[in-house]
Amino acid sequence: MKRLSILTCTMIALAGFMAITVFAQNAHFMRCSSSVDASGNLSVSFRIAGLGAGASDTITATTTATATWGCLNGGQQCPNAANKFTSSEQLSGDLTVTAGHNGSASGTITLSPTPPADFCPHGQKMVLISVTYGDVTLTNSATSDTCTTDGGTASFFPQCP
């Protein structure tokens, strides 16, 4: 009888430790934010907690980008012509993060609009005139947890109509 009660107590203690471990590995986003840099790239930063020490998860960022490209002449002016190109595309990027000893990790995923084939006449260079990113959704592939943030907008050549 005494042997059975020691075994029972041991099993209950192990079950208790397992429940704590499972609870500690409940990955969730603590925060996410985004910003557009001077080159038109969207940087999406996040912090995720509850991974468990040393655990790795893959985070995916998705958004829609609308970009307008134009031509710039030697005088840094946009010719008053219809040679502009606007595109809208779905963008996504992945980052695998590994948690530290405290079970959390942070990272930044950078997304950029795809430039078109150079359509500018000789002597002019193609430039990104403006870009708008829609809402960004971050998804943890292991838990399907999400975090959503505003995208961003940037305009680089106000002299271009």
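I started with C71 and C120, which form a disulfide with their sulfur atoms 2.2 Å apart; a disulfide here is a pair of cysteine sulfur atoms within 2.5 Å. I then noted where the two sit: C71 lies in strand β3 (residues 56-72) and C120 in the loop between β5 (105-111) and β6 (125-133), so the pair ties together parts that are 49 residues apart in sequence. The angle about the S-S bond is -95°, and that makes the link of C71 and C120 left-handed.

A reminder before going on: this is a predicted model, in which local features need pLDDT of at least 70 and side-chain atom pairs count only at pLDDT 80 or more, while totals for chains, interfaces and linings use all residues. My residue numbers run from 1 along each chain as its sequence is written, and side-chain values use heavy atoms, with hydrogens and water left out.

**Entry: burial of the C71 pair**

Are C71 and C120 buried or exposed? Both are buried. I use the word for under 20% relative accessible area, with exposed for over 50% and partly exposed in between (1.4 Å probe, protein chains only).

**Entry: the layout**

I went through the elements next. I found one helix and nine strands in the chain, and read from the N terminus the order is α-β-β-β-β-β-β-β-β-β. For these, helices (H or I, at least four residues) and strands (E, at least two) are DSSP runs, numbered from the N terminus.

**Entry: the other disulfides**

How many disulfides does the rule give? I get three.

C32 and C147 make one of them, with 2.0 Å between their sulfur atoms. This pair links distant parts of the chain, since C32 is in strand β1 (residues 28-36) and C147 in strand β8 (residues 146-149), 115 residues apart. I read -85° about the S-S bond, a left-handed link for C32 and C147. C32 counts as buried at 15% relative accessibility, and C147 is buried at 14%.

C78 is joined to C160 by a disulfide, S to S 1.5 Å. I placed C78 in the loop between β3 and β4 (85-98) and C160 in the segment after β9 (152-155), so this pair ties together parts that are 82 residues apart in sequence. Which hand does the link of C78 and C160 have? It is right-handed, with 45° about the S-S bond. C78 has a relative accessible area of 11%, so I list C78 as buried; C160 also counts as buried, at 8%.

I numbered the bonded cysteines in sequence order and wrote down the pairing as 1-5, 2-4, 3-6.

**Entry: around A81**

While in the loop between β3 and β4, I looked at A81, which lies there. A81 is partly exposed, with a relative accessible area of 36%. I also checked A81 against P161: the two are 80 residues apart along the chain, and their C-alpha atoms are separated by 9.4 Å.

**Entry: whole-chain totals**

What share of the 161 residues is buried? I noted 35% for the chain. The chain exposes about 9200 Å², and carbon and sulfur atoms supply 57% of that; accessible areas come from the Shrake-Rupley method with a 1.4 Å probe, and for residues only the protein chains shown count as cover.

Last came the contacts, meaning heavy atoms within 4.5 Å. Of the contacts with a separation of 6 or more, 69% are between residues 24 or more positions apart.
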